[in-house]
Amino acid sequence: MDQRLRAAALLAAFFLAQIGLTVTAPASAGEYALASPNERLKVSVSVDDLVRYEVSLDGKSTIAPSAIGLSINGDRGVGKNPEVASADRRSHDGVYTPVLPRKNKTVVEQYEELTIRFSGGVNLVFRAYNHGVAYRWDTALPGEITIEAEQFALVFPEDAEAWFTGGENFKSSHERVFQPTPISQVDPGQVGYTGVLFDLSDGRKLFVSESNLRDYPGLWLRRDAENPLAMTGAFPAFPKTIEVVRDREIEVTERQPYLAKTDGTRELPWRLMIVAENDAQLIESELVELLSAPCELEDTSWIKPGRVAWDWWNDWNLTGVDFRAGINTETYKHYIDFAAENGLEWIILDEGWSDTTDILSIQPDVDLPELIRYGNEKGVGLVLWVVWRTLDEQLEEALDAMAEWGVVGIKVDFMDHDDQQMVNYFWRVAREAAERELLVNFHGSYKPAGLHRTYPNVITREGVRGLEYTKWSDTVTPEHNLTIPFVRMVAGPLDYTPGAMRNAFGENFRSTNSRPVSQGTRCHQLAMYVVYESPMQMLCDTPSNYRKEPLSLDFIASVPTVWDETRVLAASVSDYLVVARRRGDRWFLGAMTDGTARELQLDLGFLPEGEHKLRAWVDGINADRHAEDHRVDESTVTNATELTIKMAPGGGFAGIIE
């Protein structure tokens with residue numbers, strides 16, 4: 001058995017010995033009931049030999065009784081035969097205003113809350129929203145504590161399909177393909193990172209993840225070895241020994257027999273479960289952000305959203321220029337000119353602008369001070385890519401230098417872990433960058449779990465299999481592109497890096513590094529700028545290709561990256577998605593389909609009274625044969641219009657209504 005899995009198994013065995021089996025049925029117990037504000041979603045908590053919870057929607061079981069617990073300092077926490085000291089309740093009805101609204105300018109927040117206080121200084125807090133349930137452990141203990149184990153369980157009343165991403169250890173950039181598999185067929189020897197989406201009966205979906213992940217390891221899941229209808233929590237224990245593989249990569253070769261050493265008085269991460277009656281509600285949910293800790297920055301006026309021209313995906317390929325394209329000053333000035341011409345806020349200098357082992361050692365062909373000066377003259381900022389290990393070693397020195405140079409932000413790459421040590425690294429970088437008014441884009445990272453609310457300068461992150469994979473594989477299919485909005489994007493903004501101007505589908509697609517191609521049609525790519533949420537949105541292709549496609553560039557350069565209002569008009573996981581988003585008095589439409597051609601009817605009843613102009617980028621009549629075929633249509637619409645859109649296989653639709 002892999003050493004990391006062995007450590008996790010020992011932790012699980014240690015904990016189960018204290019609290020009993022995950023799926024033991026409850027006996028007569030102290031019962032606590034909690035209902036959502038609309039009283040449709042209900043949570044029952046029983047405290048007897050163990051603590052168990054169950055969830056139902058309209059009286060139908062969603063999660064069967066499932067045991068939870070916490071082991072602290074060997075003899076503390078909540079395990080077998082817990083003793084309740086008291087319980088209390090409260091209601092909340094308020095409004096949350098995001099610094100960077102990726103869905104809506106304001107978010108209504110309503111919930112009912114139950115707090116169960118156990119003897120010994122540990123509390124259990126449950127919240128019931130109209131669209132989800134969450135719980136967390138709070139501790140009020142002196143000094144530092146050692147958390148040996150946490151038990152989290154999901155017992156299902158029936159077999160359900162899970163979009164599970166299995167692997168044999170806890171090392172991952174969270175870039176695996178989501179494979180729908182019945183829970184009963186998931187290999188119990190594998191662990192999968194959250195969020196995970198479960199398909200229940202009657203069209204219901206359950207999305208499971210976490211929020212306010214801080215000074216603690218991330219939550220993973222594995223199928224229970226004893227019960228084929230149960231998933232249990234798994235956590236990467238704290239690293240004991242680490243092997244450096246190369247400048248950017250580490251391997252944890254041995255782990256400690258505990259998850260975290262942390263402050264004795266604190267709130268642990270939320271375990272959250274979004275209960276959706278239909279697939280559209282997954283896209284609409286903002287539960288992860290609502291459960292995050294409030295913003296810790298007094299001044300956020302400097303945090304601005306925008307678009308960025310990216311160099312790496314297109315391999316610095318430029319045509320029709322009188323200089324040798326590559327990682328050099330002339331190429332980046334060309335990118336700055338392109339950004340300025342099209343109203344883009346930033347360009348990025350990806351790997352190669354400096355020594356990967358010394359951030360302050362700039363390549364001689366890159367005159368960074370001149371690029372910053374030139375960018376300022378043109379109104380275009382610079383974002384710099386860095387290796388996480390190098391940044392860790394040079395953190396304050398490097399960030400001080402970048403702030404003095406006048407760059408806008410950093411793109412940090414290759415973390416690939418989410419144990420306590422690495423989670424703390426994310427928070428440290430966010431805090432230190434914020435002190436210098438620098439934006440942060442985490443690549444090679446775990447999924448969003450609340451940091452982007454507490455430190456909104458963490459403007460986006462990867463943690464998704466994005467367009468870069470088209471350079472070496474065929475796994476970024478239209479089906480994949482229609483899965484990630486319902487799973488990965490539910491957790492928070494995603495840097496998929498859309499915008500390919502070379503498009504192919506089916507047998508016409510070939511992976512290639514230097515002149516990469518996307519799968520699906522041109523309009524499939526354009527729609528991503530509306531469908532995918534990222535306050536820092538990339539344009540992945542070369543300026544030369546965009547200039548050859550002015551109609552496509554016109555749309556991309558017009559799309560905002562934050563929104564006043566979001567509406568989901570049609571949705572089916574892995575099949576299709578239609579989203580309408582408003583910024584000011586303009587509505588933007590984005591529609592995507594999988595490998596199946598589709599015709600959908602859209603209700604435009606959300607529009608205000610009167611006539612409106614629709615400019616639509618649609619798949620051309622031959623897009624099924626030549627994926628780049630598209631056209632632009634103009635029409636007049638009203639709030640009584642039933643709009644028909646047609647999409648080719650792997651196709652899309654993009655529109656602006658004003």
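1. Two strands count as paired if DSSP finds at least two bridges between them. With that in hand, take strand S29 (residues 439-442) and S30, which pair in the parallel sense over three bridges. Within this pair, Val440 stands opposite Val458 in S30. Note that the model is a predicted one.

2. The S29 and S30 pair belongs to an open sheet of seven strands, with the order S30-S29-S28-S27-S24-S23-S33 and parallel pairing. Strand S30 (458-461) and strand S33 (536-539) have a single partner strand each, so they form the edges and one side of each lacks a neighbour in the sheet. On average, neighbouring strands here are turned by 25° against each other, direction ignored. As background, strands of a sheet pair through backbone hydrogen bonds, either parallel or antiparallel.

3. Helix H8 lies across this sheet, over strand S28 (409-413), S29 and S30, and runs at about 155° to S29. H8 covers residues 420-435, 16 residues in total, and spans 23 Å from its first C-alpha to its last. That is close to the 22 Å expected at 1.5 Å a residue. Buried residues of H8 include Met422, Val423, Phe426, Trp427 and Ala430. Glu432 is also buried. Just after the helix, Glu437 takes a positive phi of about 55°.

4. Which helix has an axis that comes within 10 Å of the axis of H8? It is helix H7 (residues 395-405), and the two axes cross at roughly 35°. The crossing of H7 and H8 is right-handed. On the H7 side, the contact is made by Leu395, Glu396 and Leu399; on the H8 side, by Arg428, Val429, Glu432 and Ala433. Of the residues in this contact, four are nonpolar, three are charged and none is polar.

5. A second open sheet has six strands in the order S34-S35-S36-S41-S38-S39, with antiparallel pairing. Its edges are strand S34 (565-572) and strand S39 (630-637); each has a single partner strand, so one side of each is left without a neighbour in the sheet. The twist averages 15° from one strand to the next.

6. Inside that sheet, strand S35 (residues 576-583) and strand S36 (residues 586-593) run antiparallel and are joined by eight bridges. Val579 stands opposite Gly590 in S36. Helix H12 (residues 522-531) packs on the sheet and touches S35, S36, strand S38 (612-619), S39 and strand S41 (652-657). The direction of H12 makes about 130° with that of S36.

Technical notes. Residues are numbered from 1 along each chain as its sequence is written. This is a predicted model: local features need pLDDT of at least 70, side-chain atom pairs count only at pLDDT 80 or more; totals for chains, interfaces and linings use all residues. Side-chain values use heavy atoms; hydrogens and water are left out. Helices (H or I, at least four residues) and strands (E, at least two) are DSSP runs, numbered from the N terminus. Axes are lines fitted to C-alpha atoms, for helices over the stretch in contact, and angles run from 0 to 180 degrees between N-to-C directions. Contact means heavy atoms within 4.5 Å. The expected span of a helix is 1.5 Å times one less than its number of residues. Buried means under 20% relative accessible area, exposed over 50%, partly exposed in between (1.4 Å probe, protein chains only). A crossing is left-handed if the near helix is turned anticlockwise from the far one by less than a right angle, and right-handed if clockwise. Ala, Val, Leu, Ile, Met, Phe, Trp, Tyr, Cys and Pro count as nonpolar, Asp, Glu, Lys and Arg as charged, and the others, Gly among them, as polar.
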